Amino acid sequence: MPRHLVSVDDIRDSELESIFLRARQFRTGARDAARSSRLSGRVVGLLFLQTSLRTRVGFATACARLGWQSVSVFEQRASEVSMAESIDDTLRVAGGMVDLMVTRLPVPVGPVASSSPVPVISGGDAGPLAEHPTQALIDVFAMEQERGRVGDLHIAICGDLRMRSARSLTRLLLRRRPRKLSLISVPALMDPVLAGNPDPILDRCQLSEVSDVDVLYVTGIPHQAIPEDVRDTLRVTSDVMKRLPKNAVVLSPMPVIDEIDSQARCDDRIKMFNQSDNGVYVRMAVLEAMGDASAA
Ligand code: CP
């Protein structure tokens, strides 16, 4: 049975350290590190049945930088509502031709991943427990690159905490134990798993109260999800930036909708593009780790 990466819980703590170490090696000497990759000539299938810029292009680029090949699986029939071909069959067929699959699916990935004969790396799925595990790795890598070890940091997560990126990130942070983890949201956007969590590192506050964070992580909020006046209270403005420490950073999984306003975007503490650039190195490390698992 191949091993899949569909949740942050699929990655052990020791593996996390190896992935981050390898990503740092790729970042500091990408070409040499890629040339010395233990695996070569792997072929990765990219099955994206929902839109994606960063994850789809990021994994294709990571493959190219490792000297591997990627194949985009444009399967219109599996993405149509009428579904002439099931996602299970699509994964079985495409997975039978490649060494690894990277997916973004409009359904929970866990139940269908078992149809794939090769490891599946989820690039985001759907449903009440949706996750985006590789985005969470990229987010934690960015926090440690920008501000040092998570264990020393006060991290605030603001916006729609039901989003797959936020859900995977909060699960991973609860394992990595920041000094303090502040949740800034409203009941309609709160992940029920977090709402009743008594963990002592968790704190609930308003964006207008935040002043002592090391990392402010902001997620997009879909239009019409909450009234506009409530939405305004979750937007990063130049007033919010003025209250943050000089060495704080603002990160985002992107795409940004309007949760960081145009004036605030000019502040050089907004590091979301560094975060997305470095995502390629994390994806290279994830591909290598999962490629190792498929070769075992
Ligand atoms: N962060 C993220 O998943 O972006 P994409 O939807 O562009 O892949």
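1. Let's start with a charge over a ring. The charged end of arginine 283 sits over the ring of phenylalanine 59, 5.4 Å from its centre. To count, NZ of Lys or CZ of Arg must be within 6 Å of the ring centre and within 35 degrees of the ring normal.

2. A word on what you are looking at. This is a predicted model, in which local features need pLDDT of at least 70 and side-chain atom pairs count only at pLDDT 80 or more, while totals for chains, interfaces and linings use all residues. Residues are numbered from 1 along each chain as its sequence is written, and side-chain values use heavy atoms, with hydrogens and water left out.

3. Now for the overall layout. The protein chain is divided into domain 1 (8–129 + 277–295) and domain 2 (133–272), with bounds that come from an automatic or database domain assignment. Their C-alpha centres lie 26 Å apart. Across the boundary, 27 residues of domain 1 are in contact with 20 residues of domain 2, where contact means heavy atoms within 4.5 Å.

4. Next, the empty space. Rolling a probe the size of a water molecule over the atoms shows where such space is left. On a 1 Å grid over the protein atoms alone, a cavity is a set of points where a 1.4 Å probe fits but cannot get out, and a pocket is an open set with protein on both sides within 12 Å along at least five of seven lines; lining residues have an atom within 4 Å of a point. Grid points are joined across faces, edges and corners, and a volume is the space filled by probe spheres set on the points.

5. Where does the largest pocket lie? Domain 1 and domain 2 both give residues to its lining, so the largest pocket lies between them. The space in this pocket is about 530 Å³. Of its 30 lining residues, Arg104, Met163, Arg164, Ser165 and Pro255 lie nearest the centre. Helix H8 (164–176) is one of the contributors with at least two residues, and so is helix H3 (54–66); H8 gives the most, with three. Helices here are DSSP runs (H or I, at least four residues), as are strands (E, at least two), numbered from the N terminus.

6. The second largest pocket holds about 160 Å³ of space. Its lining has 14 residues, and Arg54, Gly58, Ser276, Val280 and Arg283 lie nearest its centre. Two or more residues come from each of H3, helix H7 (133–147) and helix H12 (272–295), with H12 giving the most, five. By class, five lining residues are nonpolar, seven polar and two charged. Ala, Val, Leu, Ile, Met, Phe, Trp, Tyr, Cys and Pro count as nonpolar, Asp, Glu, Lys and Arg as charged, and the others, Gly among them, as polar.

7. How many cavities of 30 Å³ or more are there? The count comes to two. The largest cavity has about 70 Å³ of space, and its lining is Arg3, Leu5, Asp10, Ile11, Glu15, Ile19, Ala289 and Met290.

8. Finally, the second largest cavity contains about 40 Å³ of space. Ile221, Arg231, Leu234, Arg235, Asp258 and Glu259 line it. Sorted by class, this lining has two nonpolar, no polar and four charged residues.
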